[in-house]
Amino acid sequence: MQGEGRCSPRIATVTPTSGRRGGDGRLTVDLDPLDQGPQDACGVFGVWAPGEDVSKLAYFGLYALQHRGQESAGIAVSNGRQILVYKDMGLVSQVFDDSTLDSLKGHLAIGHARYSTTGASTWQNAQPTFRPTDDGSIALGHNGNLINAHELQQMVAGLPGPVGELDLHGRGIEEATNDSSLVTALLARHPDTTLEQRALEVLPVIRGAFSFVWMNEHTLYAARDPQGIRPLVLGRLERGWVVASEDSALATVGASVVREVEPGEMIVIDENGLRSHHFAEPDPKGCVFEYVYLARPDATISGRSVHQARVEMGRRLAREFPVEADLVMPVPESGTPAAAGYAEESGIPFGQGFVKNAYVGRTFIQPSQTLRQLGIRLKLNALEHMVRGKRLVVVDDSIVRGNTQRAQIRMLREAGAAEVHVRISSPPVKWPCFYGIDFATRAELIANGLDVEEIAASVGADSLGYISLDGMIAATGQAPSSLCLACFTGEYPVPLPDESLLGKHLLEASLSTDLPGRALPVLNNP
């Protein structure tokens, strides 16, 4: 490791050394560019616990949230005098080892596991983001996606630089191009007020989905957007507090669940305890896809067990789309709870028709086009003795492009399946998400151009059934008015700007042209 904070007593940042190989930031789907399902939101974690090993608590918290983002991981720790940030591309287990965690000493930490929704998948865009301030420094992690990044970029461009700020331009670090860095820059500039007061000024002007955790040298902060699109949970340790994207991460570190952070709420934790501010009126619109796919099955969101919701989706699928069959089988792991519910409701035996390679999380060797054409089976393989001669019900959570299902059905038929009936525990995905899930573009969504019968024919299924919108909503146990259903209905709860001001690479594209004659500030994430 190499420390880079020697020029200021306020901060210290760490870059990985070349001695230990980290990850490459490539998702599993990059093994086959045509095989991309919905990609997860990010995972955030924060802990304030004097006397505890906060870096390792953050590590295990991020490990529990790894399913929410696999491109990069990072942890920021404060010892009361300075913030030390360590981040790299790859999985949590690739980025951190014992020696790294042992070097991150302090009483306060935040952590982040990233899947990119604004800004490219690069080291510069890995989080936590970092920024010096007039009286110290801050680090921030973000789950979600902001829809007014262009407006925030202009606000940052108008900020005067803090007195005594380090000349980050000269350090040879490319600037970050994500919406989270814009928020960090806005929060960092508070010359005549506190960070807490500055946050109450900045948060109301941010639009879109955000669950933030951030910190300065002494205090942990967390905030959730007024719609509560992405989850955020508050927990209690014996000697401290924890915030995390899902309560499963709290259980992993031995914290008890206190409550969810409310939509439009900011929480502040320091030596004086916990205090809460409401910066906006709540208008709950939680992402329904958290129940369908994103969250871990052992999570609870808005009082509803995610596993129970998925099992109930399967039961409703069986009632809405029954079929005579010999075996109900899931596409592991995402389809397993719904398949169990379908089997229970239909009375058809449940069984495993696919075997999954548990070690396919990363590879540094890309298959050639020839191997792709041969149908390389790195992820799944059919269990021939389970499927041969049988009529199958194959249950999965969603269909995006259809390439995955097409390959799976072909595999099952080659293994001798007599019939393949596909059942999906969410309605057809017809609209892109701008709140933190990286779906395909609308033109690439198979349900946007084909009806159900045409999709069935396209993927090679004998029949295809999607759960109804009402059935999915009922399974979540939530009121329809409290859910974001935009990817299914096209009705976005936070009004979108012009299409030209949206997009994953908006900030890269506009960096040099946004404000003619003015150079935008560098937004480094050391």
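Y492 has a relative accessibility of 19% and counts as buried (under 20% relative accessible area, with exposed over 50% and partly exposed in between, using a 1.4 Å probe and protein chains only). The model is predicted, so to speak of local features takes pLDDT of at least 70 and side-chain atom pairs count only at pLDDT 80 or more, while totals for chains, interfaces and linings use all residues. Residues are numbered from 1 along each chain as its sequence is written, and side-chain values use heavy atoms, leaving out hydrogens and water.

Let us turn to the rings. Phe, Tyr and Trp (its six-membered ring) pair if their centres lie within 6.5 Å; planes under 30 degrees apart are stacked, over 60 edge-to-face and the rest tilted.

| Pair | Centre to centre | Between planes | Type |
|---|---|---|---|
| Y59 and F60 | 5.2 Å | 75° | edge-to-face |
| F434 and Y492 | 5.6 Å | 55° | tilted |

F434 and Y492 are 58 residues apart and link distant parts of the chain. F434 is partly exposed at 21%. In the other pair, Y59 is buried at 13%, whereas F60 is partly exposed at 44%. Ring pairs also join Y59 and F60 with Y63, Y86 and F96 in a cluster.

Now for Q478, which is buried with a relative accessible area of 17%. Its side chain makes a polar contact of 3.3 Å with that of Y291 (a pair of N or O atoms within 3.5 Å; within protein, one must be able to donate a hydrogen and the other to accept it, and residues adjacent in sequence count only if both atoms are side-chain atoms).

Note on methods: Helices (H or I, at least four residues) and strands (E, at least two) are DSSP runs, numbered from the N terminus.
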